[in-house]
Amino acid sequence: MSADQGRTILQLGGVHLSFGSREILCGVNLEVREGEVVVLIGASGSGKTSLLRCINLLNMPRSGRIAINDETIFEAGLSDNGVSKIAPAEVNRIRSKTGMVFQQFNLFPHMTILENIMEGPVIVKKEKSSEVEMRARALLKQMGLVDHASKRPAQLSGGQQQRVAIARALAMRPTLMLFDEPTSALDPELVGEVLKAMVELARSGMTMVVVTHELGFAFEIADRVVFLDRGMVIADGPPQQLLLQPDHPRLKSFVNRFHETADMLRPFLEAK
Ligand SMILES: Nc1ncnc2c1ncn2[C@@H]1O[C@H](COP(=O)(O)OP(=O)(O)O)[C@@H](O)[C@H]1O
Ligand SMILES: [Mg+2]
């Protein structure tokens with residue numbers, strides 16, 4: 001959280017991404033400092049997922065520059081019409097700098113929870129199994145899942161599975177965590193436990209970029225909210241400013257829809 005003078009962990013400069021002739025990201029600039037939590041909002045189709053996927057090179061930009069921890073991981077010339085010119089081993093190394101949590105948990109169904117968490121460090125990074133297991137068990141504790149180590153994903157609720165997915169990403173010791181609508185696939189009663197785990201992670205100092213429609217989460221923990229509109233960052237600032245005093249017309253209508261929904265629901269919630 002809040003790191004005004006922290007060093008820069010993530011830097012995007014003029015990132016352009018196209019699919020065929022369609023421009024999806026139109027020169028995105030974004031800077032995230034160590035320990036900062038940035039919540040990325042925007043309408044469906046505005047490019048939020050595409051942007052996260054550029055940061056771990058699942059999408060190859062057409063031009064621009066991306067740096068993590070002062071290391072340039074992408075710059076103009078490293079892709080040819082979006083096709084990577086970076087060697088696969090190098091892509092894997094770069095990818096391990098970021099931990100990604102998706103809407104769908106994507107756990108390995110045939111492995112236990114503990115095996116799911118250990119898989120990356122042991123198989124991909126060739127770390128010593130006994131050391132990884134200690135780390136994995138500590139992460140299970142952090143996520144409130146100690147009793148579930150030897151279960152399979154299908155035996156867990158969606159909220160528990162998503163916390164396993166967070167633990168699995170953290171096991172790789174990423175510099176930066178990326179979340180893409182991590183609570184959107186969950187039953188409403190399970191959203192809170194995942195958000196709570198994310199709040200605790202943020203408080204522990206993890207640098208995070210979070211795509212979410214949970215504006216309450218943004219208020220609680222975000223240092224900055226970034227509004228993406230048609231592939232462009234059109235607002236970037238503290239949550240109070242962006243969400244309560246939106247000054248751009250499209251941001252205003254985006255935010256108002258959430259406030260209207262909340263207002264509409266209030267009588268029902270209060271009656272409960
Ligand atoms: N692999 C792809 N090929 C072609 N178009 C894509 C692909 N992925 C995303 N898009 C398009 O890019 C735009 C942005 O999508 P996305 O990044 O998923 O938006 P968001 O996450 O904000 O909803 C959408 O119009 C989508 O249809
Ligand atoms: Mg998306």
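**Exercise 1.** By about how many helical turns are Arg93 and Glu90 separated in helix H2?

*Solution.* The model is predicted: local features need pLDDT of at least 70, side-chain atom pairs count only at pLDDT 80 or more, and totals for chains, interfaces and linings use all residues. Residues are numbered from 1 along each chain as its sequence is written, chains are lettered from A and ligands numbered from 1 in the order in which they are written, and side-chain values use heavy atoms, with hydrogens and water left out.

Step 1. Locate helix H2 at residues 88-95 (helices are DSSP runs of H or I with at least four residues, strands are E runs of at least two, and both are numbered from the N terminus).
Step 2. Arg93 and Glu90 are three residues apart in this helix, so about one helical turn separates them.
Step 3. Their closest N and O atoms are 2.8 Å apart, forming a salt bridge (a side-chain nitrogen of Lys or Arg within 4 Å of a carboxyl oxygen of Asp or Glu).

**Exercise 2.** Identify the parts that the salt bridge between Arg7 and Glu34 ties together.

*Solution.* Step 1. The closest N and O atoms of Arg7 and Glu34 are 3.2 Å apart.
Step 1. Arg7 lies in the segment before strand E1 (8-19), and Glu34 in the loop between strands E2 (22-33) and E3 (37-41), so the pair ties together parts 27 residues apart in sequence.

**Exercise 3.** Determine whether Arg135 and Glu127 are buried or exposed.

*Solution.* Step 1. Apply the cut-offs for relative accessible area: buried is under 20%, exposed over 50%, and partly exposed in between (1.4 Å probe, protein chains only).
Step 1. Both Arg135 and Glu127 are buried.
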